Amino acid sequence: MFRKVLIANRGAIACRVIRTLRRMGIASVSVYSDADTDSLHVSMADEAVPIGPAPAAQSYLNIDRILEAARTTGAEAIHPGYGFLSENPDFVEACAAAGIVFIGPRPEDMRRFGLKHTAREIASREGVPLLPGSGLLSSIDEALSAAEAIGYPVMLKSTAGGGGIGMQLCHDPVALKEAFDRIERLSRANFGEGGLFLEKFVERARHIEVQIFGDGRGHVVALGERDCSVQRRNQKIIEETPAPGLTAETRRALLDGAARLGQSIGYTNAGTVEFVYDDATGAFYFLEVNTRLQVEHGVTEEVTGIDLVEWMILQAAGELDLADFRPRCDGASIQARLYCEDPGRGFQPSTGVLTECVLPAAARVETWVERGTEVTPYYDPMLAKIIVRGADRAAALTRMRDALATTRIGGVETNLRYLRQILNSEAFTQGAVYTRMLETIEYRTDSIEVIDGGTQTTVQDFPGRLGYWDVGVPPSGPMDSLAFRLANRIVGNPESAA
């Protein structure tokens, strides 16, 4: 087993990996950029090494600096977390060349499944259902011909990348023409790969994925499915397991197809096979494979009792054998992603210092922030993942609602009220989730936005600090306490709110 592991990431995932390493008795090394000097993952680790300026290209994506940090600290292995270098086969090979173990899939696994069009070819060969689609497109004319054969609407997609980047829904030839060059440029800029292809768009689609794990000895297991249909602009917000409303036959077919896909290439370590599920017909189709740990892995851990990070470490150390393992799931789990963004302003990222940070004690919380943390504009705006488990979906939903009711974040705008609104909606309560569900929910908030405060604007509270300064005036308090309290009543605040 390893004595020391470096985490080549930041934020909530870095803190999550550190906790597992600590439980396993393995020393941890964090790396951090100039913007993350005071981040929680820096203070939690046994050692921390600065690796460069705030921009990710100069720090968390700088392979040379990360390997140098591993060598300097004597780390024997590197855990990539999710995002950044986690699906970069060149990084895996650079680790091997430096004599450092990469905790994750092999580079050949990443290359086979990393490009969506090659993954589709493997899925087709293994008999996993595919959406009607095209191969790689060399021109807009070829794209128009393919779309005509598939039938509109179609989804234009980059063969590389993920996270909702490099995708465009096209309802007609005009939209496809407008999107083609732009998506190609976006794909090349973000992923270094400009290949595009088309897939048939399912109007009432659900996004369902299956967690797989390979032990490197030829055994690949499927650890249950997750429903990730609650999305905004193709970015997941709420995930849960088991997926509501699936028949036992469909669930079994999903898990069998995912395991078969991994088994076909002897897949190693953690991975996720993603599917589109047609809510109208009950059919499902292969979408892609993510060759890394997913942000939503925690809900799978809650119902299986497995620590997937620990499995990743054991596999990389050659100490995992799944020959006799039989997956078992118990209960239901839901995860909500708490983002530092303003739903009232088109979900634009919000930055600043957290003046209040109260996260639910009765839930599993993975975070990198605390009161006083500065949220910068340089990275993903996710503050925390809030995860609950219950005996069934109804119990888990009640616990999530309670958890979010006790959550308080001050100093920045977040999507907390938006999450509460989604979880209280009739559609989510009934499990009638699909990828465009949020388009039917209009965000509402009782709030006042001060456009221009002016020099005479004050923030007051009631009753304020009582008494008088030596100069004979009170230190604070409302000038008109009645109007002040009436204003609070209008927006639903307690009387004492500032």
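Reader: How do the axes of helix H5 and helix H6 lie, and at roughly what angle do they cross?

Author: In this predicted model, the axes of helix H5 (residues 107-114) and helix H6 (residues 116-125) come within 6 Å and cross at roughly 90°.

Reader: What makes H5 roughly perpendicular to H6?

Author: Angles of 65 to 115 degrees count as roughly perpendicular, and the crossing of H5 and H6 is at roughly 90°, so H5 is roughly perpendicular to H6. On the side of H5 the contact is made by Arg111, Arg112, Phe113 and Gly114, and on the side of H6 by Lys116, Thr118, Ala119 and Ile122. These residues divide into three nonpolar, two polar and three charged.

Reader: Why is Arg71 called exposed?

Author: The cut-off for exposed is over 50% relative accessible area, and Arg71 has 51%, so the residue is exposed. Arg71 has its place in helix H3 and, leaving aside residues up to four places away in sequence, touches Ala98 and Ile100. From Lys385, which is 314 residues apart along the chain, Arg71 is separated by 32 Å between C-alpha atoms.

Reader: What makes the contact of H3 with H4 nonpolar, polar or charged in its residues?

Author: The axes of helix H3 (residues 63-73) and helix H4 (residues 89-97) come within 11 Å and cross at roughly 35°, and the crossing in which H3 passes H4 is right-handed. Here Ile63, Ile66 and Leu67 in H3 meet Phe91, Ala94 and Cys95 in H4. Because Ala, Leu, Ile, Phe and Cys are among the residues that count as nonpolar, the contact of H3 with H4 divides into six nonpolar, no polar and no charged residues.

Reader: Why do strands S3 and S5 stand at the edges of the sheet?

Author: Five strands form an open sheet with parallel pairing, in the order S3-S2-S1-S4-S5. Strand S3 (47-52) and strand S5 (101-102) each have a single partner strand, so one side of each is left without a neighbour in the sheet.

Conventions:
Residues numbered from 1 in each chain as written. Predicted model: local features only at pLDDT ≥ 70, side-chain atom pairs only at ≥ 80, totals over all residues. Heavy atoms only, no water. Pairing = 2+ DSSP bridges. Helix = DSSP H or I, 4+ residues; strand = E, 2+ residues; numbered from the N terminus. Axes fitted to C-alpha atoms, helices over the stretch in contact; angles between N-to-C directions. Left-handed = near helix turned anticlockwise from the far one by under 90°. Contact = heavy atoms within 4.5 Å. Buried < 20%, exposed > 50% of the residue type's maximum accessible area, 1.4 Å probe, protein only. Parallel < 35°, antiparallel > 145°, perpendicular 65-115°, else oblique.
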